[in-house]
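Entries follow in the order I made them.

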Amino acid sequence: SIVTCFAALGAISGPLQLERIAAICVIYILALGVGAHLLDAVGGKTKPWGNLPKKKIGFIAICSVSIAFYIGIYFAFLDSPWLFPIGIVEGFFLFAYSLELFGGKFHNNISTIFSWGILPVFAGSIIQTNSISIETIVIAAITALVTYGLIKTSRQYKLLKRDNGDPHIIKKKERILKLITIGVITSTIIFFIIRYFNLI
């Protein structure tokens, strides 16, 4: 997912340790790519996948998130203690956003940009160096803008689909979403290659 790419970008911004890049990617795939989407199906107001068996989906979600936290805790105790506060905050937003807790107060653009666009970059950097550099902050600013673009375009797309809007505009929104996704993935791969081969 795009969020996983953001975490990888944060990890790549520091000295390359491939097992840590892999670890942060697995953490975000399990926590957000799997866990958050399943929790959204359990407690969210919208049901994009229809009515699924809540107990089974909830159990799988908790297992997925637990494995992600286990990996994070391992590296936090190993030499990256700043992962503890990052993990606590990410965990809060994971459940508050997906289950729309507290009356859905955290189910908004700011929470999404912060938890999906900024924190993953910081987590990636911290798992590598236990610090956040200026370069990491610059990358986080870019990923925050990308996340905002995705939110805005995705919301417009969903409204158009729901209201049977102009097919040409719907196609345009689809292309924009695909281009952003491809752009993020491609940029992550290019950045990794540049860093791996010390091209800059």
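Entry 1. On the H5 side I listed Asn109, Thr112, Ile113, Trp116, Gly117, Ile118, Val121, Phe122 and Ser125, and they meet Thr136, Ile137, Ile139, Ala140, Thr143, Ala144, Thr147, Tyr148, Ile151 and Arg155 in H6. I sorted this contact of H5 with H6 by class and got 11 nonpolar, seven polar and one charged residues. For the classes, Ala, Val, Leu, Ile, Met, Phe, Trp, Tyr, Cys and Pro count as nonpolar, Asp, Glu, Lys and Arg as charged, and the others, Gly among them, as polar.

Entry 2. I noted the source: the model is predicted, local features need pLDDT of at least 70, side-chain atom pairs count only at pLDDT 80 or more, and totals for chains, interfaces and linings use all residues. Residues are numbered from 1 along each chain as its sequence is written, and side-chain values use heavy atoms, with hydrogens and water left out. Helices are DSSP runs (H or I, at least four residues), numbered from the N terminus.

Entry 3. I looked up the geometry of H5 and H6 (residues 134-162): the angle is about 145° and the axes are 9 Å apart. Axes are lines fitted to C-alpha atoms over the stretch in contact, and angles run from 0 to 180 degrees between N-to-C directions. H5 passes H6 in a right-handed crossing, that is, the near helix is turned clockwise from the far one by less than a right angle.

Entry 4. I turned to H1 (residues 2-12) and H5 (residues 109-129), which pack at about 40° with axes 6 Å apart. H1 and H5 are therefore oblique to each other; angles under 35 degrees count as roughly parallel, over 145 as roughly antiparallel, 65 to 115 as roughly perpendicular and the rest as oblique. Their contact includes Val3 and Phe6 of H1 and Trp116 and Pro120 of H5. By class I found seven nonpolar, five polar and no charged residues there.

Entry 5. I checked H3 (residues 54-78) against H4 (residues 83-98) and read an angle of about 165°, with axes 9 Å apart. H3 and H4 are therefore roughly antiparallel to each other. Among the residues that meet are Phe69 and Gly72 in H3 and Gly87 and Gly91 in H4. The residues of this contact divide into 10 nonpolar, three polar and no charged.

Entry 6. Last, I looked for a bend in H2 and found one of about 35° at Gly35, taken as the angle between axes fitted to the seven residues ending there and the seven starting there.

Key
Helix = DSSP H or I, 4+ residues; strand = E, 2+ residues; numbered from the N terminus. Contact = heavy atoms within 4.5 Å.
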